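The sequence and the structure are shown first, and the description follows.

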Amino acid sequence: MTPDGQFRVPRRTPITTRIIVGAVLLAVVATGVAFAAFALWLALTLIPVILVAVLVAAGMIRFQLWRARRNAFNSGRDIRRP
């Protein structure tokens with residue numbers, strides 16, 4: 001406010017400052033988009049690895065269940081001779 005009661009009109013920022021701020025903002029947005037694209041690519045790349053791990057785990061569980069069932073039926077008779 002000026003001494004006579006008027007409000008000052010703020011000066012407009014220079015064009016170079018506005019260009020620099022715009023460039024920095026654009027760089028930040030571009031970095032975010034690039035990071036999101038990289039994260040999506042990494043997630044899509046890991047899908048086959050995860051599927052193979054799930055199949056191996058499921059196979060091991062079925063194998064362990066099969067062995068436990070087989071051992072439960074054979075526990076009554078001992079085929080080893082002293």
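## Arg12 and the segment before the helix

Arg12 is placed in the segment that precedes helix H1 (15-74); helices (H or I, at least four residues) and strands (E, at least two) are DSSP runs, numbered from the N terminus. The model is a predicted one, in which local features need pLDDT of at least 70 and side-chain atom pairs count only at pLDDT 80 or more, while totals for chains, interfaces and linings use all residues. Residues are numbered from 1 along each chain as its sequence is written, and side-chain values use heavy atoms, with hydrogens and water left out.

Arg12 counts as exposed because its relative accessibility is 69%; buried means under 20% relative accessible area, exposed over 50% and partly exposed in between (1.4 Å probe, protein chains only). Between the C-alpha atoms of Arg12 and Leu42 the distance is 45 Å, with a sequence separation of 30 residues.

## Overall form

The chain contains one helix and zero strands. Its radius of gyration is 35 Å, well over the 12 Å that the globule rule gives for 82 residues, so the chain is more spread out than a compact globule. That radius is taken over C-alpha atoms, and the rule is 2.2 Å times the number of residues to the power 0.38. Along the principal axes, the C-alpha atoms fill a box of roughly 115 × 30 × 20 Å.

Of the 82 residues in the chain, 1% are buried. The accessible surface is about 8,100 Å², and carbon and sulfur atoms account for 72% of this area, as given by the Shrake-Rupley method with a 1.4 Å probe; for residues, only the protein chains shown count as cover.

## Helix H1

The 60 residues of H1 should span 88 Å at 1.5 Å a residue, and the 87 Å between its end C-alpha atoms agrees with this. The expected span is 1.5 Å times one less than the number of residues. At Ile47, shortly before the proline Pro48, H1 has a kink of about 35°; the bend is the angle between axes fitted to the seven residues ending at a residue and the seven starting there.

Ala43 also belongs to H1 and, at 42% relative accessibility, counts as partly exposed. Ala43 and Val33 are ten residues apart in sequence, and their C-alpha atoms are 15 Å apart.
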